[in-house]
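These are my notebook entries on a single structure. I list what I looked up, entry by entry.

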Amino acid sequence: MTRKNGVRFLVLLSTVYILGGQSREIDPCLTYSNLSDPLRSTFQQPRQTDTLLCDRYLVQGWYRFLDGLIPTTCIEPFRCGTQAPIWMNGTIPSPRDGIVKRNTCVNARSGTDFAGTCCSITIPIDVRNCGEFVIYNLRNTPGCPMSYCVESPPQLPSAPRLIGPEIIGNLFRFACTISFPAGASDVAFDITWSFDGQPFNGVPATSITGDDRVSYLDQEHWKGNVGKTLRCHVRAFHTSMPSVKGSFIESDGYWGGMMVSPNTISVSESGDEQTVNVTCTLPVLCHHKRECAIHLTMDVQRGSWEDIVAVRDCRLKLNRDDWNPVKRSAMTVTSIMATRDFVDDGDQQLLLNFNPDFSAASDIWQGYSFPGVKVMTLDGITSRCYAFSDPHIRGLERIGVYHLYEEGDYIFLRNKRRAFEIHIRSWPCVGRGCICAVVIREGNDVISVDVCDNTDGNTPAKLRVLSGQDVAQGTKIQRSRDGQTFMITFESGNWLRVKDFRAYLNVEVQATSRDYGALEGICGTFDNNKRNEFISPNGMIFADSDIPVDFMRSWRIPTEQSLFTGQFQRIATTTLSRPVLQPYQCMCKTSSNLAECATAKAIQDPNTLTITNYMDITIAVTTESHDVKTEVPSTRGNGREFLNVMGGGLPTVSLTESDARVICRNSIINITLGVDCATTLNLHLDGFISSCVQDTMLTGNDFFVRGMVAAFEVACQEAILRNISSYKQDGIGRRVPPEAVTTLMCPNQCSLRGRCGDGICRCNPGYAGDDCSVESSRPPKVIYINGYGICDVDQRPCGVAILIVDNFMETPDTICQLREVEEVNSVHRPQGIRVTVPVEFQSNREVICHLLDSQVSKDVSVRRYFLSVSTDGQRFSNEVIYTVYDSTCHRCTRNGTCSLKAETCLIGDKCWQMNQPNPLNANQICDPSVNSMDWTLKAVTTESPTSPTTTSVVYIPALVYSTVIVPTTSEVPSTTQSTGTVLSTTAVPKLTNTTTLPYLVQSDEIPESAQQPVDKCNYKNIIKYYDRWDIWTSNRTGCPCDSSDSIGECACCEVGACRCLSPNANQCTRCGEEEAGCNKRLVSPEFGIDGWTKSLDGCQCPYNQFRYNCACCQNGACHCGERNINQCAPCWNTGVCGSKPDVFGTS
């Protein structure tokens, strides 16, 4: 293009040569030049300052106007970017016409160089319709400014809009809408569709005319195209020039299919679940009337499918109801969690696919699939803490064993971020402190295991739910069938394992990755910081030591503040702190037709595989289904009783260190995993062996060896189960831990009375049972019956008798027998034949005999039975008495001796209360003062002949108030001649002649205030108490010192007391008050009978508000009840009640 005198000239053109086959003449449709200039448009009107177009220097040849065609009607001057526009006088030929001749007209202004209008000058041209386009053989113009015009198709003001999907009935469709003003009758539009940029031939190009501005694509056309992007394309043209069409303009795209977001997630074993959304951008609609839905199943690939779980289900579903027309999508949501596997397996990369099932959906989805989500699982850190024997501690992170040698209540472990806490109670034993109780709290669940009352070495541990309610859904309480081990697990993955050695407990607790950085207590910290293992509650760090006395004391708490009291701050259920897992999780391997769902499935603890032959006792414990409490009085306090229960496999002798070391080392070597753990895993043996040696030398037998061996075994288990290289994979890719620490483990190390092979104990001669704990030469032994062997039918059903047994094991021939007992002159004589009753095995330490309803009915006030058990149906245990009585009429002591209550009658083997009328004769009542074995004629009200104003009163149970009218005197005589009972014989103020005194009368007894306080048995005179040196100190000497193995040099302490340190080692004070209490003496009886009982009597009885002859308590103690009216005990250990009969008397 050149410019001359304000006119633009075209001097360079592009030429198109399309070479076809060999021919004599070249078809102009195959070789032409392109002309494109928007200024040639008939709509272009030049302004005064514009440079005008001119084709004077146009080279003759064939041209194609890319912007349109030469108009075939007259064009006004000053159009097409020039002064004299050129138009074609004639029509566009058809393609079959070939090359035709036409004339073009120059419309020059009149009165200038060119005269005339519309066709001032004629210029001949040739025209050829090539089908898709038109070409012209043009000549240059005779002058300037004149140029050929181009008539362009209509221009769309904006791109077309793709709208949808919109639901029409049971189908959906998309709409392509065109933005063009209405009323242009000569305008039409071509519309085409494409998927992913490729023309869609399933719908032919359509043309719309008039004011129609929309075209539709139906649902069926998505078949084979789901997962692609849809667009519509529109071009406009004039109906008068259908061959002059503009270029297609495309709409925005719409992607139709399913996607997962986010497409990459990370889940940590110590973190929460992550949400994954599956979104569908097309509605799920169907023609059929069946269920219309897309089903998705999750499938884990590229790794261990056990490493993640889905919350609630492996299956998802999308249907019509999920469609959101605003968001133009349907969505289903799931959550993914990393399983807490307690294995050091590192971080894992997985792929979670959502495999679709379109069988219930429209056929447009057939063959479609979509990418899943990449999942990175971050490994978590876990740990355990052990306390074994007397007790030795193996902390969360500290290497080696350290020791707790003092008594008291301690915080064993607690989490600073959530309600997870464990307390232990250490009591005196052979100069040290043994753990006799442990209590754990998780959320609002508080559960304890206690052997503090086991003074004879036979009482099994008591397990109680101290929180007084049903436990949380994910909490499970299990007991081994031998009755020795308790496992308390929580949905958080934390668990507590307690092993009962009859006089002490081994305690093991698992900390999860969610506890990392938040634990404290005598177990140490859990934060990978070796410098703060011995840190106090206030942040003081103590020096490392195997006997960290000051550190241990910093975690000792007053008894009344411990969880053993059952008192704690509950958490509102709506704000219950984490972790609380979703109630249901699933492992998904649907490609192998596997979907495993369960409560707390996210907890994949291989340790659970070691819990074989256990019984779930959660319901029985929480509901107290048998409604019987174990009540064995405790006399523990000075440590000497402990020596009586140390029956070991070796005689109690003086052992050298060398002898003790041989015993301890051989015990470890003889267990199945002993050698492997000591060598292959490099488990630190020194702490276990040295602790065992000390204990064995101290006791002179193997009493603590079993505790050490058990602790070593579980530590060995932990080490093997944590090592990922120990695992194999089964046929479906599941990790399988080694059998050596799971199915092939023998219970209780075969009680050190046999050898373990392939999970079976080969017992030494003379022993039997799964764990070789039963001596074959002797029959079972019944230690006692729960509840002291007495049962009040007025308080609970008595058809269940729980027998605590020894030398017992479950066999198919286990039976329970009973026979009735007659008491004659306090001598129990059996009568009748033995009867077999149903038996229920609970553990090797506990069995239930089920009595028939007729044997425990209320129609007989007292019944006694001899109960015994047998494991072979031949040899029976000793017989123990089970007494069933009605407390309405009788009082029964713990030894089964029953006596008739003074205020009751026994008439025809049935109990009647004082003043209760004969239902067959209203004139007869129960009056034990007259006859306790028969009815008494009811007394009537009589008037005194000497005092007409005095009225006697007969007590009638139906009355609520009785009234006495007293004469007008300053006092009432001490005796009254009447047939009734005067309510008061003490001095009263002067009253008027008609003064009325109301007295509240119980329906079943006369108020104590109405009776003379007569001590018929002279009870007070036979109770003894001593002028004791200190109320917390039993004896100033006779017990071992805490920091020494020597025996008998230091004070023996009362229950709840702790020994003072040197130089006050011959004194005890209340635990937790050593700093102040060890500097002063609290002598008796000035400061009380003992630490819990202030005085023997003088306080109101809790069981009868009218009596004031009960003991007075101190230091937050609780009264011992009707059986021990002169004694108080710590509320957390009422088993103390009944101890020290020389001081408090007997019931």
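I take helices (H or I, at least four residues) and strands (E, at least two) as DSSP runs, numbered from the N terminus. The model is a predicted one, where local features need pLDDT of at least 70 and side-chain atom pairs count only at pLDDT 80 or more, while totals for chains, interfaces and linings use all residues. Residues are numbered from 1 along each chain as its sequence is written, and side-chain values use heavy atoms, with hydrogens and water left out.

Entry on Ile522. I found Ile522 in the loop between β44 (519-520) and α1 (549-554). Ile522 counts as buried because its relative accessibility is 0%; buried means under 20% relative accessible area, exposed over 50% and partly exposed in between, with a 1.4 Å probe and protein chains only. Beyond its neighbours within four places in sequence, Ile522 has contacts (heavy atoms within 4.5 Å) that include Ile393, Tyr402, Phe412, Phe551 and Trp555. I also noted Arg394, which lies 128 residues from Ile522 in sequence and 9.9 Å from it in space, C-alpha to C-alpha.

Entry on helix α6. Helix α6 (residues 705-722) has 18 residues and should span 26 Å at 1.5 Å a residue, which agrees with the 26 Å between its end C-alpha atoms. The expected span is 1.5 Å times one less than the number of residues. I recorded 16 of the 18 residues of α6 as buried.

Entry on disulfides. I counted 27 disulfides, taking as one any pair of cysteine sulfur atoms within 2.5 Å. Cys176 and Cys232 are joined with an S to S distance of 2.1 Å. This pair links distant parts of the chain, from strand β13 (residues 171-177) to strand β18 (residues 228-238), 56 residues apart. Cys176 and Cys232 are both buried, and their link is right-handed, with 70° about the S-S bond.

Cys314 and Cys588 form a disulfide with S to S 2.0 Å, and that link is left-handed at -95° about the S-S bond. For Cys763 and Cys772 the sulfur atoms are 2.1 Å apart. Cys763 counts as partly exposed at 27% relative accessibility, whereas Cys772 is buried at 0%.

Entry on a sheet. I traced an open sheet of three strands in the order β68-β69-β70, with antiparallel pairing. β68 (917-918) and β70 (931-937) are at the edges with a single partner strand each, so one side of each has no neighbour in the sheet. Strands pair if DSSP finds at least two bridges between them; β68 and β69 (residues 921-927) have two.
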